[in-house]
Amino acid sequence: MNNQSETNAHHREHAPAAIDVKSLSFSWGSQQPTLLFPDLTLPQGEHLFLHGPSGTGKSTFLSLLAGMLAPGAGSIKLLGTDIHQLGASKRDRFRADHMGVIFQQFNLVPYLTAEANVTLPCRLSHRRKAATGEAPAAAAQRLLAALAIPQSHWQRKVTQLSIGQQQRIAAARALIGAPEIILADEPTSALDSDNRDRFIQLLLTMAEQRNTSVLFVSHDRSLAQHFHHQLELGQVAA
Ligand SMILES: Nc1ncnc2c1ncn2[C@@H]1O[C@H](COP(=O)(O)OP(=O)(O)OP(=O)(O)O)[C@@H](O)[C@H]1O
């Protein structure tokens, strides 16, 4: 082990986990089954693949982690902070500062250009803006180029781009300003398997460079090989 990796290992032992979930459960209503989630500790910089059949609560789990739903019971700590103990505006700030989220439908802003969609987190968070170490537009362009979006497309509205391009723009938006945590919900479902593998490798390589923790949800278990860890959802209490 060289000095650098010793230093990294030392930091890992003492830094709070990126994601720490304990005894978490949630129900969509009194007539609905309670979804029970496994305990989970994901160290900073590691990548987890979360899978399970349709309806087992993968999207619900991500919404709980993103602070968009409140747990029925249990706790979620992100970077040592119990996000559900924060008030709504502090929780929104925490999300903007520390998390990139890639949704199934990408949630890009349709009337903005590709580049303006990518720089959006820098407008919402001083921390993300400062972390780019350069002008947000320059950082966005660097990411778009690395994700193979042709320069001729950077100033086009996102609605004029292909689904695969929109997906990579959503990834660039999640990566800009090096947030500690990226949550991705089935962002590859519209792609063929070659493009899917290429996208995941790009996302994870760029996450690796930024020491970003990634939690990636999919029902397609063939993708698990790209990740450090995998976890299956499926327990439901009556
Ligand atoms: N907005 C909602 N209102 C009520 N019930 C919901 C809502 N969203 C999800 N559910 C229910 O919660 C359970 C878990 O759904 P969820 O979408 O989290 O599963 P999933 O594992 O992500 O499924 P898929 O792989 O099909 O996307 C399902 O029984 C679903 O019907």
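Let's start with the nonpolar core. The largest one in this predicted model has 37 residues. By nonpolar core I mean buried Ala, Val, Leu, Ile, Met, Phe, Trp, Tyr and Cys residues joined through side-chain atoms within 4.5 Å. Buried means under 20% relative accessible area, exposed means over 50%, and partly exposed is in between, with a 1.4 Å probe and protein chains only. I102, V118, I169 and F216 have the most contacts inside this core. At least two of its residues come from each of α4 (114-124), α6 (136-146), α7 (163-175), β8 (181-185), α8 (193-209) and β9 (213-217). Those labels are DSSP runs numbered from the N terminus: helices are H or I with at least four residues, strands are E with at least two.

Two housekeeping points. Numbering runs from 1 along each chain as its sequence is written, and side-chain values use heavy atoms, with hydrogens and water left out. Because the model is predicted, local features need pLDDT of at least 70 and side-chain atom pairs count only at pLDDT 80 or more, while totals for chains, interfaces and linings use all residues.

Now F216. What does it touch, leaving aside neighbours within four places in sequence? L48, F49, L50, A184, P187, T188, I200, L203, L223 and F227. Contact here means heavy atoms within 4.5 Å.

Next, α6. Its buried residues are P136, A139, A140, L143 and L144. They sit on the same side of α6, because they cover an arc of only 135° around the axis. That arc is taken from the directions from the helix axis to the C-beta atoms. These buried residues pack against α4, α5 (126-132), α7 and α8. After α6 comes A148, with a positive phi near 65°.

On to the ligand. W28, P53, S54, G55, T56, G57, K58, S59 and T60 surround it; near means a heavy atom within 4 Å. An N or O atom in the S54 side chain is at 2.6 Å. A polar side-chain atom of K58 is at 2.7 Å. For S59, a backbone N or O atom is at 2.8 Å. On its own the ligand has 640 Å² of accessible area, and the protein covers 59% of that. Areas are Shrake-Rupley, with a 1.4 Å probe; for residues, only the protein chains shown count as cover.

Why does D185 count as buried? Because its relative accessibility is 8%. The side chains of D185 and S59 make a polar contact of 3.0 Å. A polar contact is a pair of N or O atoms within 3.5 Å; within protein, one must be able to donate a hydrogen and the other to accept it, and residues adjacent in sequence count only if both atoms are side-chain atoms. Not counting residues up to four places away in sequence, D185 touches S59, L62, I102, F103, Q104 and V217. The C-alpha atoms of D185 and S63 are 9.7 Å apart, across 122 residues of chain.

Then E180, in the loop between α7 and β8. E180 is buried, at 17% relative accessibility. Its side chain joins that of H98 in a polar contact of 2.9 Å. Among the residues in contact with E180 is L79. L79 lies in the loop between β5 (73-78) and β6 (81-82), and has a positive phi of about 55° although not a glycine.

Last, S23, in strand β1 (residues 19-27). Its phi is also positive, near 50°. Buried or exposed? S23 is exposed, with 54% relative accessible area.
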